[in-house]
Amino acid sequence: MRRRKFIFTSVSAAGGIAIGGYYLAQKETVPNPLLDTLAHGELAITPYVFLDIDGVTIIAPRAEMGQGIHGTLALLVAEELDVPFSQIRVIHGPLSKVYANNVAYPKETTLMRMLRRGGKIVGWEKIKEMHPQLTGGQSSTKDGFVKMRKAGAAARMVLLKAAAQQYDVKVDALRTSQGKVVLPNDTAIPYTALLDHAKDIAPPTDPLLKPRREWQQLGRSQPRVDMISKCTGTAKFGIDVRLPEMLYATVKFNPHIGSKVKWFDDSKAKSMPGFVKAIAKLDGIIVIATNTWYAMQAAKAIDVEWESALYPTETAAHREVVSKAILNEQGGQVVNDGNVDAAFSKSEIIEGTYHVPYLAHAAMEPQNAVAMFKNGQLDIWAGHQQPGKAQHLGAKIAGIFPQAVKMHTLYMGGGFGRRLENDFISFAVHAAVEMRGKPVKVTWSRESDMTHDAYRPMASARFRAALGNATINALALDVASPSLFSSLRRRDIGIKNDVPERLDKFNTAGVGEQPYSIKNYRVTAHKVERLLPVGWFRGVGESQNVFFHDSAIDELAHVANADPFKFRLSHLEHDPSIGVLNAVAQLSNWESSLPKGHARGISYALSSGAATAQVIEVSKKKEGIKIEKVFAAIDVGIALDPRNIEAQVRSSVIFGLGAAMYGEITVSNGKVDQTNFHDYAVLRMNQIPPITVHIHESESKIFGAGESGVPTAAPALGNAIYALTGERLRELPFSKSVTFV
Amino acid sequence: MEEMAKYQKFKKITLIVNRFSYDVYVDANMPLLWVLRDELGLMGTKYGCGAGLCGACSVLIDGVATRSCLLAAGNVTGEIMTIEGLGTPAAPDRLQETWIKEQVAQCGYCQPGQILTAHELLCNNPAPGDAEIERAMAGNLCRCGTYPRIKKAIKAAATGPSSAANENGKL
């Protein structure tokens with residue numbers, strides 16, 4: 001959008017503010033951010049629809065990291081706006097509270113808002129500012145389902161009224177089709193011809209939406225809006241930003257994550273080609289040069305003494321801390337139905353202990369950001385899943401107000417939760433402040449990306465259970481893993497390192513809410529003292545807790561001599577869950593007998609509230625275990641784009657399987673051992689089995705799909721391996737115990 | 001002045017990229033990847049690992065898929081083709097059209113490397129089977145799980161008439 005002065009009247013601004021979706025979400029008036037940069041001949045109807053002479057642009061204010069969310073959100077608008085999906089352009093758009101993710105973020109209560117604002121005035125900042133524009137947890141489609149459609153419907157109403165005015169016809173005599181308003185005489189007026197009249201029309205506050213049976217585009221697979229650019233190498237990722245006079249930098253990291261620099265000597269680097277400057281910040285040295293490679297070479301020539309590690313230096317010590325924690329008497333009880341202890345006192349107890357390692361995100365695009373601090377304004381270019389937080393921290397580092405920080409959010413070469421962090425932002429802003437006036441691109445090496453992650457936590461769990469009549473009479477699960485929020489608070493600048501561990505909802509996500517009917521059921525989470533930095537990983541708490549929970553269920557099924565599929569069904573009354581289990585059983589021909597040396601495993605869980613299930617068929621080969629086939633079913637509630645949903649299921653299944661089979665981050669001498677793809681294995685093309693997907697539509701509500709195949713992948717595989725070999729593998733990755741072919 | 005002195009010691013390196021000739025003055029040890037990206041502004045070739053393990057940096061040199069992160073600029077012989085030289089959004093190459101039709105990409109970061117490696121495969125083997133595809137593509141990592149669609153696109157492109165590139169992969 002051209003940066004010329006906004007000359008339209010403020011009527012559309014006032015009307016825009018009243019739009020259904022975001023009006024309900026915002027108690028305070030947040031102006032339409034599109035209006036800041038509107039030029040002559042441009043129109044913004046709601047914060048989501050922008051029109052100019054070239055056509056319709058839809059703002060999809062979520063991180064596009066491969067999950068196709070830009071297309072899905074835009075499709076919701078396009079359906080109601082009656083414009084062909086192929087004709088629209090989609091952009092991320094600006095950062096604004098208007099684009100809050102109301103599913104991921106609870107709405108701030110009036111009291112909290114008053115406390116926060118009042119506190120700020122008197123210098124009491126205990127109540128943190130929220131940064132609700134966030135992408136993660138499979139929430140974007142849920143969040144956008146109604147509000148994006150309302151934006152489209154409101155924009156359509158405005159354009160109809162504009163045509164009514166322009167052609168002196170009654171609105172009722174008009175209709176829309178294919179991006180045009182159709183007059184009573186069947187003349188079709190493109191929306192782009194109505195901008196002048198439309199600018200003075202207030203959008204309706206709560207427009208009616210089309211019933212599902214009238215959908216023409218929603219529900220059908222659409223070509224992705226970013227497909228052509230991604231197949232021609234023209235799609236711009238954060239790492240691809242290129243600006244005049246830009247400098248290039250990398251970070252030479254303290255191998256002990258989070259610990260500072262004692263001293264450094266860059267005298268040798270000073271004579272190297274392209275070297276500009278080296279500055280010590282956070283847990284590394286930012287090496288600035290005129291080319292990324294010059295920066296990386298110069299970094300090698302810098303001598304450093306590092307502060308020592310703030311966490312135990314060996315993996316075994318981490319494992320000991322986590323595995324001991326599950327034996328603690330006390331813990332945070334998430335569920336406590338019936339009387340588990342009483343049930344245990346009367347029965348034989350079946351028990352098992354499980355362990356999973358730290359995992360790296362290992363997105364294909366290493367961490368990076370570009371920042372420029374010029375004339376008191378800070379610009380940050382990055383792929384980011386929560387740009388408001390990046391703005392906030394960037395402002396702090398630069399010593400300016402957040403309003404003076406502009407975020408430019410680009411495509412991400414994989415997010416998986418890694419780009420919720422702000423370390424890569426912080427280094428770029430420090431570099432920009434140092435090189436005032438010049439943009440600096442800070443690119444992490446793959447080694448830095450792998451060894452300085454915010455890992456999926458190491459975790460342990462113990463289950464104890466009692467059966468009665470082939471039914472689970474009692475089940476107690478004790479889980480332990482470091483808290484994501486405690487770790488995050490330590491990493492945010494300005495927060496002192498001494499943050500005590502506490503439990504958060506992610507410690508028990510995946511175990512607290514599985515809808516099994518178990519009379520005596522207890523889930524306890526245990527705190528774990530400070531270990532490696534941990535963060536949000538695709539699947540989050542479900543990525544470890546569903547492995548624990550579903551494997552336990554499977555063990556019990558086998559002890560009860562029951563069919564694992566029927567055993568799970570017999571404890572469920574939740575229709576969508578029954579639906580997905582039946583689907584994978586059917587797809588995989590569960591009831592049929594397999595040839596010798598083949599076996600199947602099944603798993604089930606709610607993933608972000610949506611029912612998911614998987615069946616994996618394995619076979620025993622001379623060289624090891626082969627994954628023959630995978631069947632996955634997920635409940636999306638309502639399928640908006642079947643092809644994209646299927647792609648996400650396959651994507652998350654492969655992601656989960658790779659982690660289950662090979663994923664492991666270890667620590668020696670306080671340093672992460674794995675540095676690149678040679679020692680942190682990820683799946684390659686020849687290791688992918690055929691994956692058959694069933695999309696279930698419970699139609700109760702809408703669910704996302706981005707992480708859906710992750711939680712059930714590891715347990716389905718473990719359960720299959722048990723059925724094949726009789727050996728229950730309770731530790732991940734499975735490659736520690738078996739060889740995969 | 002000190003800056004200039006650092007650069008004057010570099011000999012001119014001439015590179016032919018997508019049929020254009022570029023003269024660069026860089027350390028001859030600079031990997032071609034960083035010449036393409038930081039010096040020439042050709043951002044389609046991606047940095048993924050810097051160690052030849054992931055294939056995101058793949059370019060074609062005289063039709064041969066090469067890890068540009070491991071090839072020093074001073075050692076380049078032959079004509080380089082990057083993803084930008086294969087096709088454009090307005091005029092994609094036939095293989096790219098197949099990629100688009102099959103909706104292969106998700107995050108898209110690995111795809112330029114995947115496409116160029118597949119291009120080399122198809123130039124050498126117009127109708128590869130599963131095993132041959134897997135072998136040729138094993139060095140190209142994807143974290144989004146697009147492998148099944150990559151395979152499908154390669155097969156779909158293979159069954160068509162021979163590609164627009166001549167036998168050496170040069171246009």
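This is a predicted model: local features need pLDDT of at least 70, side-chain atom pairs count only at pLDDT 80 or more; totals for chains, interfaces and linings use all residues.
Trainee: Why is R489(A) called partly exposed?

Mentor: The relative accessible area of R489(A) is 39%. Buried means under 20% and exposed means over 50%, with partly exposed in between, so R489(A) belongs to the partly exposed class. In chain A, R489(A) is part of helix 15, residues 484-491.

Trainee: What makes K128(A), K396(A), R489(A) and R502(A) a positive surface patch?

Mentor: Lys and Arg count as positive, and patch members need over 30% relative accessible area and no salt bridge, with like charges joined within 9 Å. The patch consists of R489(A) together with K128(A), K396(A) and R502(A).

Trainee: Why is N473(A) counted as partly exposed?

Mentor: N473(A) has a relative accessibility of 26%. Because that value lies between the 20% and 50% limits, N473(A) is neither buried nor exposed. The residue sits in strand 20 of chain A, which spans residues 471-480.

Trainee: Which residues does N473(A) contact, leaving aside its neighbours within four places in sequence?

Mentor: The contacts of N473(A) are A343(A), A466(A), L467(A), G468(A), I518(A), K519(A) and N520(A). For I518(A), 45 residues away along the chain, the C-alpha separation from N473(A) is 6.3 Å.

Terms used:
Residues are numbered from 1 along each chain as its sequence is written. Chains are lettered from A and ligands numbered from 1 in the order in which they are written. Side-chain values use heavy atoms; hydrogens and water are left out. Patches are made of residues with over 30% relative accessible area and no salt bridge: like charges are joined within 9 Å, nonpolar side chains (Val, Leu, Ile, Met, Phe, Trp, Tyr) within 5 Å. Accessible areas come from the Shrake-Rupley method with a 1.4 Å probe; for residues, only the protein chains shown count as cover. A salt bridge is a side-chain nitrogen of Lys or Arg within 4 Å of a carboxyl oxygen of Asp or Glu. The place of a charge is taken as NZ of Lys, CZ of Arg, CG of Asp or CD of Glu. Helices (H or I, at least four residues) and strands (E, at least two) are DSSP runs, numbered from the N terminus. Buried means under 20% relative accessible area, exposed over 50%, partly exposed in between (1.4 Å probe, protein chains only). Contact means heavy atoms within 4.5 Å.
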